[in-house]
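Reader: I'd like to learn how to read a protein model feature by feature. Could you walk me through one?

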Amino acid sequence: MDDTPAVPAHLMGAVVRGAGRGRGLGFPTANVAADPGSRIPPPAIYSGWVVRLATGVVHRGTISIGSNPTFCDTEDVHVEVYCHDTSDNLYGERVGLWFVARLRDTVRFASPDDLVRAARQDVLRSEALLASDRGRRVLTRALAAYGKTASA
Ligand SMILES: Cc1cc2nc3c(=O)[nH]c(=O)nc-3n(C[C@H](O)[C@H](O)[C@H](O)COP(=O)(O)O)c2cc1C
């Protein structure tokens, strides 16, 4: 897809507590403290796979990297992932995030409702990308990296 250039990247980190705002928005996110030395992709919204390192369980995700400008005026960059297929909060777990595609720039929305509308679209596009050939290839690489077979 022309508008979704590949992002050949992954990072690992531990899930930490965020501001707790996402659940109220209907998009609870796992906030990931990237391991020191990680190369964090530039601020944007991405589709990607979430690998729970303790178990090898994989989730489909939409990842936000940025300072949450709709809500915050700081420059602090947050790495957050909304898992499409679980309501587990993942607190304290180590995860690998495997980026499949960049969806769009981060936007300072006029209202939380506008953000939620955009996030719903992001998740739909992300689902299609994860199911695509490229998405499956990234999944195979992710599973191989952690010594799992490509059965997800
Ligand atoms: C799919 C998705 C898209 C997002 N897009 C934006 C965005 O464009 N602008 C923005 O300010 N925050 C965006 N966010 C981040 C939210 O602001 C953030 O998840 C929310 O404030 C909850 O943060 P918390 O987990 O620290 O409570 C997005 C989050 C998700 C899951």
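**Rings, strands and a pocket**

Author: Gladly, and let's begin with aromatic rings: searching the whole structure turns up three aromatic pairs. Rings of Phe, Tyr and Trp (its six-membered ring) pair if their centres lie within 6.5 Å; planes under 30 degrees apart are stacked, over 60 edge-to-face, and the rest tilted.

Reader: How do I read such a pair?

Author: A pair of aromatic rings is described by the distance of the centres and the angle of the planes. Here the ring centres of Y46 and F99 are 5.2 Å apart and the planes stand at 85°, so this pair is edge-to-face. Because Y46 lies in strand β3 and F99 in strand β6, the pair ties together parts that are 53 residues apart in sequence.

Reader: What should I know about the model and its numbering?

Author: This is a predicted model, where local features need pLDDT of at least 70 and side-chain atom pairs count only at pLDDT 80 or more, while totals for chains, interfaces and linings use all residues. Residues are numbered from 1 along each chain as its sequence is written, and side-chain values use heavy atoms, leaving out hydrogens and water.

Reader: And how are the strands arranged?

Author: Strands of a sheet pair through backbone hydrogen bonds, either parallel or antiparallel. In this model six strands form a closed barrel in the order β1-β2-β5-β4-β3-β6, with antiparallel pairing. Two strands pair if DSSP finds at least two bridges between them; helices (H or I, at least four residues) and strands (E, at least two) are DSSP runs, numbered from the N terminus. For instance, β3 (residues 44-52) and β4 (residues 58-66) share eight bridges in the antiparallel sense, and S47 has T62 in β4 as its bridge partner.

Reader: Which helix contains L115, and what does L115 touch?

Author: L115 belongs to helix α2. Leaving aside neighbours within four places in sequence, L115 contacts T70, F71 and F109, where contact means heavy atoms within 4.5 Å. Its C-alpha atom is 12 Å from that of S64, 51 residues away along the chain.

Reader: Last one: which strand gives the most to the lining of the largest pocket?

Author: That is β5, with five residues. The lining as a whole divides into 20 nonpolar, 14 polar and six charged residues. Here Ala, Val, Leu, Ile, Met, Phe, Trp, Tyr, Cys and Pro count as nonpolar, Asp, Glu, Lys and Arg as charged, and the others, Gly among them, as polar. A pocket is an open set of points on a 1 Å grid over the protein atoms alone, where a 1.4 Å probe fits, with protein on both sides within 12 Å along at least five of seven lines; lining residues have an atom within 4 Å of a point.
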